Amino acid sequence: MLIALTGTPGTGKSTVSDELANRGHQVIRANDTIGPYIIEEDEERQAHVIDTDRWRDEFPLREGIVEGHLTHLLPVSRVIVIRCRPDVLKERLVARGYHDEKVAENVEAEILDVVLIEAMEEHTPEMIYEIDVTDMTVAEVADMIERIMTGDLPPRHGVVDWLSTCADLL
């Protein structure tokens, strides 16, 4: 089974993936696989432009967890969308040194459920899990993901509504 661990940049995907790897799970970093699929650099957004269709078509299916903010586009068995309250996300991105426009773009994406919506366009509802990690420890998030992997938690999405609580950040 291949599981996508996805979410807006800064939500905690890499940190949780490190914990899952420490627990013995196979973790594939999407950033380690995209090199051949970069078609240009978007200097304004400070981001790679990736041929996601080709990346998806040529992705070597494996067992484990594939982590990255585009992994919900891959043909996986389950999709776990990590969510983080936008004000906390903003602090994390500023601390990373993201420029103001990139911070605003990612906060807006989180408020508007961009990754979740894209996941729902690619996969059936019974494959999608959404976790608000804002007030959870890394260990608690990893525990929840392990329960998803074993089938002990049912699919759950559409439970996070940042728009009604954080629209002032737009």
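User: Which elements are included in what covers the buried residues of α1?

Analyst: This is a predicted model, and in its helix α1, spanning residues 13–22, the buried residues are K13, V16, S17 and L20. Because these residues cover an arc of only 105 degrees around the axis, they lie on the same side of α1. What covers them includes β1 (2–7), β2 (27–29), β5 (64–67), β6 (78–83) and α6 (138–149).

User: Which residue just after α1 takes a positive phi, and of about how many degrees?

Analyst: Helix α1 runs over residues 13–22, and the residue in question comes just after α1. The residue is G24, with a positive phi of about 100 degrees.

User: How are α3 and α4 oriented relative to each other, roughly parallel or roughly antiparallel?

Analyst: The axes of α3 (residues 86–95) and α4 (residues 100–111) come within 10 Å and cross at roughly 155 degrees. Since angles over 145 degrees count as roughly antiparallel, this crossing makes the orientation of α3 to α4 roughly antiparallel.

User: What is the make-up by class of the contact of α3 with α4?

Analyst: On the α3 side, the contact involves P86, L89, K90, L93 and V94, and these meet V103, N106, V107, E110 and I111 in α4. By class, this contact of α3 with α4 has seven nonpolar, one polar and two charged residues.

User: Which exposed residues does α3 carry on the face turned away from its buried side?

Analyst: The buried residues of α3 are P86, V88, L89 and L93, and because they cover an arc of only 155 degrees around the axis, they are placed on the same side of α3. What covers these buried residues includes α4 and α7 (162–166). The face of α3 turned away from that buried side carries the exposed residues E91 and A95.

User: Is T8 buried or exposed?

Analyst: T8 is located in the loop between β1 and α1, and its contacts, leaving aside residues up to four places away in sequence, are K13, I82, L89, N106, A109, E110 and V115. Its relative accessibility is 2%, and because buried means under 20%, T8 counts as buried.

User: How many Å apart in space are T8 and I82, C-alpha to C-alpha?

Analyst: I82 is one of the residues that T8 touches, although the two are 74 residues apart in sequence. In space, the C-alpha to C-alpha separation of T8 and I82 is 7.7 Å.

Conventions:
Residues are numbered from 1 along each chain as its sequence is written. This is a predicted model: local features need pLDDT of at least 70, side-chain atom pairs count only at pLDDT 80 or more; totals for chains, interfaces and linings use all residues. Side-chain values use heavy atoms; hydrogens and water are left out. Axes are lines fitted to C-alpha atoms, for helices over the stretch in contact, and angles run from 0 to 180 degrees between N-to-C directions. Helices (H or I, at least four residues) and strands (E, at least two) are DSSP runs, numbered from the N terminus. Angles under 35 degrees count as roughly parallel, over 145 as roughly antiparallel, 65 to 115 as roughly perpendicular and the rest as oblique. Contact means heavy atoms within 4.5 Å. Ala, Val, Leu, Ile, Met, Phe, Trp, Tyr, Cys and Pro count as nonpolar, Asp, Glu, Lys and Arg as charged, and the others, Gly among them, as polar. Buried means under 20% relative accessible area, exposed over 50%, partly exposed in between (1.4 Å probe, protein chains only). The arc is that of the directions from the helix axis to the C-beta atoms.
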